[in-house]
Amino acid sequence: MTVVTGFLGAGKTTLIRAALAHPAAARTAVIVNEFAETGIDDVLLRTASQDVTLIGNGCICCAARSDLNRALRALYADRERGAVPPFDRVVVETSGVSEPAPVLQNFATDRTVTSAYALEGLVTVVDSVLASRTQAHAPIWSEQVALADRIVLTKADLLPPASAAATRALVGALNPQAAIADAADVREAPAFLFGAPGHERTGFACTPQPALPAGAPYVSFVLTFDAPFHWALFTRIMDALAATRGEDLLRVKGLVNVEGCAGPVVVHHVQHLAAPPEELSAWPATAGGADRRTRLVFITRGLSRQKVVALFAAHLDLVAADAARLDPDAAMRAG
Ligand SMILES: Nc1nc2c(ncn2[C@@H]2O[C@H](COP(=O)(O)OP(=O)(O)OP(=O)(O)O)[C@@H](O)[C@H]2O)c(=O)[nH]1
């Protein structure tokens, strides 16, 4: 088992998804943990692996503490009875606000699990653009870096070389033992992510940290919308949000039903930065057929659901008012 951690939006899913496409990553099962109640990463990872388990609605370091061991046991049992494709390794993607020490500790203290799996190592993914800013406001960031066996630096492509080198120096000073690589190189040679075959991490030096204090500033909520969005309207709303509360918008990710698009459009915001949208070929299938509703997962620092809903409502009302001006009869019919 390799555990991949890293702060919200660092690039964990992108890296794992790219690595899974490599032949060296065959026979890999994935367990993904999301802080929010709705999974987006599992939808993305299912495009790259047949064997993906989601642990949603809480961190595997605290609220969903026993869920990782339960998922590992279930996966092993499924493998034994041939219910899942045979796998040789499992990659666990933690939520962005997971503390790695309790995750490793929980694993190490479950005999059933450790008789089936060995811990290969902990890989921490670091956003080169936001590293020092995140270090300043989120102590978990430093813990994730300090405990890593290997560190992958993402988004160096967005920075001048001197700034990328500064992030590497910052990370290297916090954890001089860890091997450090750029995401671009790891995508070519995913062995860095998965580790050497047969390698086993023997113990880990850590000072257990208290779990997130009660009333921690992270707020998570999900918004769903039935009607498709005009893309221009959606980006206008998100731009307004980023311009006014970008610092507190730690993470937004979602699947958007866009007028004129057959598949869902995947959107990502990490603080002020919005990534280019990606259209998937189809909506994920559910028991009742495909669920085409837009779902947006927000993880914020103190920004409430109510405020975000109000912003969306204001823009959607403006659009409805415009439509009514253009076609008053239709507005009457719609009530
Ligand atoms: N330019 C650039 N963008 C990247 C890179 N890696 C990831 N991203 C983008 O960063 C955003 C977040 O990436 P994810 O892979 O979803 O991040 P994550 O760590 O899994 O996010 P959470 O699970 O929500 O914590 C997406 O828009 C990615 O496309 C990179 O190396 N370069």
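View 1. The model is predicted: local features need pLDDT of at least 70, side-chain atom pairs count only at pLDDT 80 or more, and totals for chains, interfaces and linings use all residues. Residues are numbered from 1 along each chain as its sequence is written. Strands (E, at least two residues) and helices (H or I, at least four) are DSSP runs, numbered from the N terminus. Strands β9 and β15 (residues 294-301) run antiparallel, joined by five bridges. Five bridges also join β9 to β10 (residues 265-270), again antiparallel. Here Gly254 has Val267 of β10 as its bridge partner. Two strands pair if DSSP finds at least two bridges between them.

**View 2. Both faces of β9.** In a regular strand the side chains alternate between the two faces of the sheet. On one side of β9 lie Arg251, Lys253 and Leu255; on the other lie Val252, Gly254 and Val256; all are buried. Buried means 20 or more other C-beta atoms within 10 Å of the residue's own, exposed means 12 or fewer, and partly exposed is in between, with C-beta atoms placed from the backbone. Six of the six residues of β9 (residues 251-256) are buried, so the strand is largely enclosed by the rest of the structure.

**View 3. Strand β5 between β1 and β6.** Four bridges join β1 (residues 2-5) to β5, and the two run parallel. Thr2 has Gly121 of β5 as its bridge partner. Strand β6 (residues 150-154) also runs parallel to β5, through five bridges. Val126 is paired by a bridge with Leu153 in β6.

**View 4. Both sides of β5.** Gly121, Val123, Val125 and Asp127 point one way; Leu122, Thr124 and Val126 point the other; all are buried. With seven of its seven residues (121-127) buried, β5 is largely enclosed by the rest of the structure.

View 5. Domain 1 spans 2-194 and domain 2 spans 218-334; the bounds come from an automatic or database domain assignment. Their centres, taken over C-alpha atoms, are 28 Å apart. Domain 1 gives 14 residues to the contact and domain 2 gives 17. Residues are in contact if their C-beta atoms, placed from the backbone, lie within 7 Å. The domain 1 side has eight nonpolar, four polar and two charged residues. Nonpolar covers Ala, Val, Leu, Ile, Met, Phe, Trp, Tyr, Cys and Pro; charged covers Asp, Glu, Lys and Arg; the others, Gly among them, are polar.

Key:
Two residues are in contact if their C-beta atoms, placed from the backbone, lie within 7 Å.
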